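Hello,

Here is the structure I promised to pass on. My notes on it follow below.

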Amino acid sequence: MTTDLHTLILIILCGIVTLLVRIIPFMMISRVHLPEIVVKWLSFIPITLFTALVIDGVIQQHDNTFGYTLNLSYIIAIIPTVLLAIFTRSLTITIIGGIITIACLRLIF
């Protein structure tokens, strides 16, 4: 696969725009004092995003059907990943453990 100069420039510009979109809100909000209720509400956002990602992986909808199925390998992978999270309290170890678990399960299923 070859990449011409236009594609490379496009990738770099997209990276810069993505970086700016992520950094500018943090720079703006760091100078503003937020009410306690807003800070408390914002503390729940990472939990809800993580839950949405997990549920999206566990429950799958098949093309051209109306039903949903459960992804058994993801459900099995949740168990050791949650146990790692509880016992280590380390995000890095939890993520690496979850990735290794799902990789091993994909070899089996």
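Thr-94 is in contact with Thr-81, Leu-84, Ala-85 and Thr-88, leaving aside its neighbours within four places in sequence. Contact here means heavy atoms within 4.5 Å. Thr-94 sits in helix H5. Thr-94 counts as buried, at 12% relative accessibility. The cut-offs are these: buried is under 20% relative accessible area, exposed is over 50%, and partly exposed is in between (1.4 Å probe, protein chains only).

Before you go further, note that this is a predicted model: local features need pLDDT of at least 70, side-chain atom pairs count only at pLDDT 80 or more, and totals for chains, interfaces and linings use all residues. Residues are numbered from 1 along each chain as its sequence is written, and side-chain values use heavy atoms, with hydrogens and water left out.

**Overall layout**

The protein chain has five helices and two strands. Along the sequence, their order is α-α-α-β-β-α-α. The radius of gyration of the protein chain is 20 Å, well over the 13 Å that the globule rule gives for 109 residues, so the chain is more spread out than a compact globule. That radius is taken over C-alpha atoms, and the rule is 2.2 Å times the number of residues to the power 0.38. Helices (H or I, at least four residues) and strands (E, at least two) are DSSP runs, numbered from the N terminus.

The C-alpha trace spans about 50 × 45 × 35 Å along its principal axes. Of the 109 residues, 11% count as buried. Among contacts with a separation of 6 or more, 31% come from residues 24 or more positions apart.

**Surface and charge**

The accessible surface of the protein chain is about 9,600 Å². Carbon and sulfur atoms hold 76% of that surface. The areas come from the Shrake-Rupley method with a 1.4 Å probe.

How far apart are the mean positions of the positive and negative charges? They are 15 Å apart, for 5 positive and 4 negative charges. Lys and Arg count as positive, Asp and Glu as negative; His and the chain ends are not counted. Each charge is placed at NZ of Lys, CZ of Arg, CG of Asp or CD of Glu.

**What the record says**

UniProt, in an unreviewed entry, lists residues 6-25, 37-55 and 75-108 under "transmembrane region". Such annotations may be inferred rather than shown by experiment. In the model, residues 37-55 are 95% helix and 0% strand, with end C-alpha atoms 27 Å apart. Residues 75-108 are 94% helix and 0% strand, and their end C-alpha atoms lie 14 Å apart.

**Residues to look at**

Arg-89 falls in the loop between helix H4 (72-88) and helix H5 (91-108). Arg-89 has a positive phi of about 55 degrees, although it is not a glycine. Is Arg-89 buried or exposed? Arg-89 counts as exposed, at 71% relative accessibility.

Asp-56 belongs to helix H3 (residues 45-58). Asp-56 is exposed, with a relative accessible area of 58%. The C-alpha atoms of Asp-56 and Arg-106 are separated by 18 Å, and the two lie 50 residues apart along the chain.

Gln-61 is part of strand E1 (residues 59-61). Gln-61 counts as partly exposed, at 46% relative accessibility. Not counting residues up to four places away in sequence, Gln-61 touches Phe-66, Gly-67 and Tyr-68. Between the C-alpha atoms of Gln-61 and Ile-102 there are 20 Å, with 41 residues of separation along the chain.

Best wishes
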